[in-house]
Every structure is written in structure tokens, then in C-alpha cells.
Amino acid sequence: MGEHQTRRLDATLGALSDPTRRAILARLARSDARVTDLAAAFPISLNSTSKHIRALERAGLVRRTIHGREHVLALDAAPLAEVAAWTEHYRRFWEERLAALDAFVTGGAKRPQRRRTR
Amino acid sequence: MSSTAVVDKLVVRRVIAAPAKDLFDAWLDAKAMAVWMKPGDAERSDVTVDARVGGRFEIVMQTQRGPIPHRGVYEIIDRPRRLVFTWNSPYAGEHGSLVTVDFLARAGGTEVVVTHEKLPTEVAVGQHRGGWTEILESLEANLARKS
């Protein structure tokens, strides 16, 4: 994992650390929405909603399209997929270590390794 | 997406045809760990172990990209059933993620279960467990409808 990727991951995790922002993402996962729709859906001010949305945009989790006076927001799942890939890194690490432990304790890699089901 | 859903703890298991005590001891023996705690891209791992509760371990994986240190402290040593230690690394973070290793009797061997918790994901999400999974589940449902 490169440094750039780690920084981007930090930005994603930072944006996700707030419950209101997670709720906004969960709402956008159902369908695109206007800023005013989101402000109406949450018990916070329009100003406060806008701040959360800007934080999500900076993290690349939300994209904004402007149609005339309407600002429509859409979820961008790519950074979330990156987080998933990162947990996969650990999963692979421990799977490989347990395979190596198996080979070490049972005396070598005689047996073919069980394939991972995906 | 469903195969890579974000989790706030990792559980990896493997049944190994060996007695629990042999497997357990391999987790606390520096010479053994130098062999099996060495990823494929590492030339070697330098391991020091102080195998008692409160004792420290260090595994420095010497890779082509440079040394990758992993350090921690043993919290539970219950031979040959359970081993719990903190785990700090450049990837897992330096806040003391927690690894629990359980050794369960199974027909023909022992099931080794590694549970890795308090990864940075979970720390960032804080007490709001499930926050992730909610988002990703609705995201998956959304993608499934579109496809």
C-alpha cells in the first residue's frame, strides 16, 4: 500500500467517522438526492448539512451535479471499495500466515493448499 | 461487492492436522516464527519474543521495500487454548489493534482461529459499529438493482 493510498484512505475514514455523514451516504446509496432533500431529511440546519456534504465531496465519496438551481448529489462508491480492498490486505496476510504455520508444523507443503472460495 | 464487504473485525480460520499444543507453541517460539511469520516477499523475519503476560514481541519483516516492524504485548497466554496480544504495524496502525488466536479441537487436528480487532477502520468509526455495514449493504442492494 503506497503512501498516497494511505492518505486517501485516511480521508475516507475521516469522512466516515461522523454519524450524520454516514447517514447521508446511506441515504444516497438508495438514490440521488438534492441538497434541500437531505437537509429536510435530517434534524440539522441546511448550513450544517452543506458542511457535511462538502466534507464528503472532499473525500471523493459524493459527487455534485448542478442542473440550473438544483444541486443533485450522488454517491461515489470507489473510495469505499478501496477501504474494502484494504481489509482484504489483512485477510490475505493472516490466511498466508496460517498456511505457513500449517506447512511449518506439519512438515512442509506436501498437501496442496485449500483454495480460497471467493 | 459482497465478497469484499467492509468488516470491523477480521476472522480467519484454518484446520491444521497437528495437536493444539504444537501449534500454540509455534506462536510463541522466536525460531519458529522466523520461519512462518515471514511473508513471501520478505527475505527473512527477525523475531524476539518475551513469552509471558505483559511481555513484548517484535517481528521485523525484512522486505525488498525495507524493514516492516510489527510489535505487541501479550495479554492472555492460556496454553494451548487461547493467545491474545496487541499488534502494532505500519498497516494496522500504532494504536494497539488486538489479535486473538483460538485453538479448537477438531476431527483430525486443530482449528486455528485468528480474530483481528480494533483495526483503524473500527477506530475511525468509533462506537458506531454497523455504520459501515449499513452503508455498504444499502450500496450493494442499490448496485444489484441497477445491474
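Two strands are said to pair if DSSP finds at least two bridges between them. Helices (H or I, at least four residues) and strands (E, at least two) are themselves DSSP runs, numbered from the N terminus. With that settled, I turn to the sheet of chain A: it is open, has three strands in the order β1-β3-β2, and its pairing is antiparallel. In this sheet β1 and β2 of chain A take the edges with a single partner strand each, so one side of each has no neighbour in the sheet.

A word on the source. This is a predicted model, in which local features need pLDDT of at least 70 and side-chain atom pairs count only at pLDDT 80 or more, while totals for chains, interfaces and linings use all residues. Residues are numbered from 1 along each chain as its sequence is written, and chains are lettered from A and ligands numbered from 1 in the order in which they are written.

Let me go through the sheet strand by strand. Strand β1 (residues 33-34) of chain A is joined to strand β3 (residues 70-75) of chain A by two bridges, and A33(A) has L73(A) as its bridge partner in β3(A). β2(A) and β3(A) form a hairpin with two residues between them, and G68(A) in the turn has a positive phi of about 60 degrees.

Axes here are lines fitted to C-alpha atoms, for helices over the stretch in contact, with angles from 0 to 180 degrees between N-to-C directions.

The helix α2 (residues 19-30) of chain A also meets helix α4 (residues 46-58) of chain A: their axes come within 10 Å and cross at roughly 75 degrees. α2(A) is therefore roughly perpendicular to α4(A), a description covering 65 to 115 degrees, whereas under 35 is roughly parallel, over 145 roughly antiparallel, and the rest oblique. T20(A), R21(A), I24(A) and L25(A) of α2(A) make the contact with H52(A), I53(A), A55(A) and L56(A) of α4(A), where contact requires C-beta atoms, placed from the backbone, within 7 Å.

I come now to the cores. A nonpolar core is a set of buried Ala, Val, Leu, Ile, Met, Phe, Trp, Tyr and Cys residues joined through C-beta atoms within 7 Å. A residue is buried if 20 or more other C-beta atoms, placed from the backbone, lie within 10 Å of its own, exposed if 12 or fewer, and partly exposed in between. The largest core has 31 residues, and those with the most contacts inside it are L101(A), V105(A), L23(B) and V112(B). Among the elements supplying at least two residues each are α5 (78-106) of chain A and β1 (10-16) of chain B. α5(A) gives the most, with six residues. Beyond its neighbours within four places in sequence, V112(B) is in contact with residues including L98(A), L101(A) and F103(B). Another core, of 16 residues, lies apart and includes L73(A) and V83(A).

Chain A comprises five helices and three strands, and 25% of its 118 residues count as buried. Chain B has four helices and seven strands, with 29% of its 147 residues buried.

Notes
Contact = placed C-beta atoms within 7 Å.
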